[in-house]
Amino acid sequence: MIAHLFNAPLGESEAAVGVGTVGSSEAIMLAGLAFKRKWQNKMKAAGKPCDKPNIVTGANVQVCWEKFARYFEVELKEVKLREGYYVMDPEKAVEMVDENTICVAAILGSTLNGEWDTPIHVDAASGGFIAPFIYPELEWDFRLPLVKSINVSGHKYGLVYAGIGWVIWRSKEDLPEELIFHINYLGADQPTFTLNFSKGSSQVIAQYYQLIRLGYEGYRNVMENCRDNMLVLKDGLEKTGKFTIVSKDDGVPLVAFSLKDNSRFNEFQVSDLLRRFGWIVPAYTMPPDAQHVTVLRVVIREDFSRTLAERLVLDVQKVLAELELLPPKAVLTTTTAVTEEVAANNGVGGTVVTKKSALETQREITTIWKKFVMQRKKINEKMSGVC
Ligand SMILES: *Cc1c(COP(=O)(O)O)cnc(C)c1O
């Protein structure tokens, strides 16, 4: 069903193959391994060295690609971003491709053609269950001949609880046979190509149930609803006049926004104060070369209703009003104090005694938390990455 959804050629002689995984991360490890092995076989056959594989991606990729590169010893060549352009620039990606490139990994939305005929993997973790329903005319999938494999998370827009992902290969030829293990002690020949062996079947059943219960129409309704609620939230945030909307209306239904003016208070403070209303809206900096841009991000899922969207706008307004009441100098002092305290790393501060407001208490908690995170970071420098 999923191969069909992604327009895999499913003729008499051709058949897509695929496997269920724990999520897109495992799916991506498997797809990456298949590319690496295919490339190695090709280089060996040509009598060329095959010890320096690389993979070309955008700097906007999810951390699992960095994991794949590090765990399976493949050099990660990242196309840098720039302000206002937050996807992989296809022309720059093509420039980075060479004969050691095992594949180009594009997040759904970016498509390209490499002069090396380099195969493409599409990371459609979220988009794979969105585009087929609300952008059916968008050609991102197996309709493009260079796309050899695609992954999607069942537990994102596939509408299943956590623990399920999928990877599909265009044809059997794209998945080297030597990576598949055949076992026969469970009653029949069972091919297996996964990183894990035993795993629960409930998620697979849940995915199957959702697909046949909701059908194409059902999924389309859910995705349209997500998009509508995204627009309600986006319009509400725009109307405050304080934010620049960084995300586009098309694509994954999410709103990424940053403050037009962050000289008095910044996105991290907005995020901190929103926690008081029960919202966890992450603020984070963009990947290289757009690190100077900080955004707040809200991803709209099927359970984020219009009422919730409206309530979030109201709470954002309250937070903005509160932050605007602060005299600019006080904000500046606090920020400096926070920085100093973190730098000192042993909490010498607190010499000036003043009556604490709820806001100050909140900020104190944030400072302690920040300090904790910074210390953890110092202890284990190897711990990096987001998501
Ligand atoms: C979430 C995500 C992943 C990782 O997927 P999991 O299912 O969490 O393992 C990979 N790539 C992209 C683009 C994602 O959004």
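Select β6 (147-153) and β7 (165-169): these two strands pair in the antiparallel sense over 5 bridges. Two strands pair if DSSP finds at least two bridges between them.

The model on the screen is predicted: local features need pLDDT of at least 70, side-chain atom pairs count only at pLDDT 80 or more, and totals for chains, interfaces and linings use all residues. Residues are numbered from 1 along each chain as its sequence is written.

Remain with β7. Are its residues buried or exposed? The strand is mostly covered, with 5 of its 5 residues buried. A residue is buried if 20 or more other C-beta atoms lie within 10 Å of its own, exposed if 12 or fewer, and partly exposed in between, the C-beta atoms being placed from the backbone. Gly165, Val167 and Trp169 are buried on one side of β7, and Trp166 and Ile168 are buried on the other.

**The whole sheet**

Now extend the selection to the open sheet, which is formed by 7 strands. In what order do they lie? The order is β1-β7-β6-β5-β4-β2-β3, and the pairing is mixed. From one strand to the next, the twist averages 20 degrees.

For a parallel pair, select β5 (residues 120-123) together with β6; 4 bridges join them. Within this pair, His121 has Ser149 of β6 as its bridge partner.

Helix α3 (residues 63-71) is the next element to select: it packs on the sheet and touches β2 (54-58), β3 and β4 (101-107). Contact between two residues requires their C-beta atoms, placed from the backbone, to lie within 7 Å. The direction of α3 makes about 150 degrees with that of β3. Such angles run from 0 to 180 degrees between N-to-C directions, and the axes are lines fitted to C-alpha atoms, for helices over the stretch in contact.

Move to the loop between β6 and β7, and select Lys156. The unreviewed UniProt entry annotates this residue as "modified residue: N6-(pyridoxal phosphate)lysine". UniProt positions are given in the numbering used here, feature names are shortened, and annotations may be inferred rather than shown by experiment. Why does Lys156 count as buried? It does so because it has 23 C-beta neighbours inside 10 Å. Leaving aside neighbours within four places in sequence, Lys156 is in contact with Ala125, Ser126 and Phe129.

Select the ligand next. It is surrounded by Gly23, Ser24, Ser25, Gln62, Cys64, Ile107, Asp123, Ala125, Ser126, Ser153 and Gly165. A residue is near a molecule or strand if its C-beta atom, placed from the backbone, lies within 6 Å of it. This shell divides into 3 nonpolar, 7 polar and 1 charged. Ala, Val, Leu, Ile, Met, Phe, Trp, Tyr, Cys and Pro count as nonpolar, Asp, Glu, Lys and Arg as charged, and the others, Gly among them, as polar.

**Backbone details**

Most residues other than glycine have a negative phi, and most peptide bonds are trans. Leu159, in the loop between β6 and β7, has a positive phi near 70 degrees. Leu159 counts as buried because it has 22 C-beta neighbours inside 10 Å. Select also Glu73, in the loop between α3 and β3, where phi is positive at about 50 degrees. Glu73 counts as exposed because it has 11 C-beta neighbours inside 10 Å.

Finally, select β11 (residues 254-259) and β13 (residues 294-299), which pair in the antiparallel sense over 4 bridges. Leu254 stands opposite Val299 of β13. Strand β12 (residues 283-285) is also antiparallel to β13, through 3 bridges, and Thr285 stands opposite Thr294 of β13. In the loop between β12 and β13 lies Asp289; a cis peptide bond joins Pro288 to Asp289, with omega about -5 degrees.
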